[in-house]
Amino acid sequence: MDYESFFRSKIDGLHKEGRYRVFADLERQAGQFPRATRHTSEGTQDVTVWCSNDYLGMGQHPVVTGAMHEAIERCGAGAGGTRNISGTNHYHVLLENELADLHGKEAALLFTSGYVSNWAALGTIAGMLPGCVVLSDALNHASMIEGIRHSRAEKRIWKHNDIEDLERQLAEIEPGRPKLIAFESVYSMDGDIAPIKEICDIADKYGAMTYLDEVHAVGLYGPRGGGVAEREGLMDRLTVIEGTLGKAFGVMGGYIAASEALCDFVRSYASGFIFTTSLPPTLAAGAQASIAFLKSDGGEQLRQRQRDRVEAVRRSLDRVGIPHLENPSHIVPVMVKDPVKCKMISDILLDTFGIYIQPINYPTVPKGLERLRITPSPLHTDGDIDHLVRSLESLWSQCALARAVA
């Protein structure tokens, strides 16, 4: 077999479908979020980033960078090993305590990413509980899907946020079997939010555990940034809360928060935890500082400012008829519904207007629902918003795309 020809043919297919992914070569400007420098073969360009998951700009916050500078001076660069073999630094312990407190749980467990935390935790819990059935929301993230697949447990997919379908499927399972309901709070592409209370009610009725992915909510919702479950007073009703340190907390890593026994069980059996080098102490220190800050009044001020910016973007888009999905979250999906035009608009925004918004195409979203996923931050100015919307309005006419009806 001609292996190289096979690889090239698959890549050519992505180009023809208009969904080949190009990475923008960006250099973030310390202290200047959302500004960045774009590097190209023709030189550099100043750009404004409108699609970052560093939702609050904490990756640039002096509280975070200061803690990281201090940690690298005290501990050096890497962790030096796995958590079991010399890689548990005191910063890891402090961070896990901070996370447990954030979610009102007995314990927390760190992983190298949110993807790994879902893969390892779901794979271990569902895989080792005898006869476990996992009920997975139809729009769960790829990391959750992979974790469930890795567990080899029986899987049932319930219609997205459909409580009646979830209960129907639970009722079909023998009462004595272990059951785990896996879902997210904020779904990152459409920006909708799960009915957490109703899911917990059904879980209680049928004796099921609940596993809530809050990666797009931690730091952003609740009086201390504990997520949607904190905002709605439901953290105590969830078996496992999973989150990330790489989005609103601005650093890197993933975690679960749960009972001491459950965290110890995952710690002791999950290969994705046991056999990987632990996070550098600098990252743990930065994450702890970020979480502590976002628990404070300063964090609440950032969250309020972000909500203001989100509403300002939506009002401006409505004013010029740019279609976007209505939702109750911080995510603003501008709907293009064409993969080629979606990428073309993204390219022109970057090349001509200095605006970076990555196109979102299949398989991240279904074909025909391509979009530009905008994530306003507290640090985007009125001028930034005006420039974004004027640029989109110009391109919408250029591409002959339909306008939203007022």
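Q: What makes Ile181, Phe183, Ile196 and Leu245 stand out in the largest nonpolar core?
A: Of its 56 residues, these four touch the most other members. Such a core is a set of buried Ala, Val, Leu, Ile, Met, Phe, Trp, Tyr and Cys residues joined through side-chain atoms within 4.5 Å. The model is predicted: local features need pLDDT of at least 70, side-chain atom pairs count only at pLDDT 80 or more, and totals for chains, interfaces and linings use all residues. Residues are numbered from 1 along each chain as its sequence is written, and side-chain values use heavy atoms, with hydrogens and water left out.

Q: Which helix gives the most to this core?
A: Helix H11 (residues 281–294), with six residues. Helices are DSSP runs (H or I, at least four residues), strands likewise (E, at least two), numbered from the N terminus.

Q: Why is Thr112 called buried?
A: Its relative accessible area is 19%. Buried means under 20%, exposed over 50%, partly exposed in between (1.4 Å probe, protein chains only). Therefore Thr112 counts as buried.

Q: Where is Thr112, and what is it in contact with?
A: Thr112 sits in the loop between S4 and H4. Leaving aside neighbours within four places in sequence, its contacts (heavy atoms within 4.5 Å) are Met252, Gly253, Gly254, Thr276, Thr277 and Leu279.
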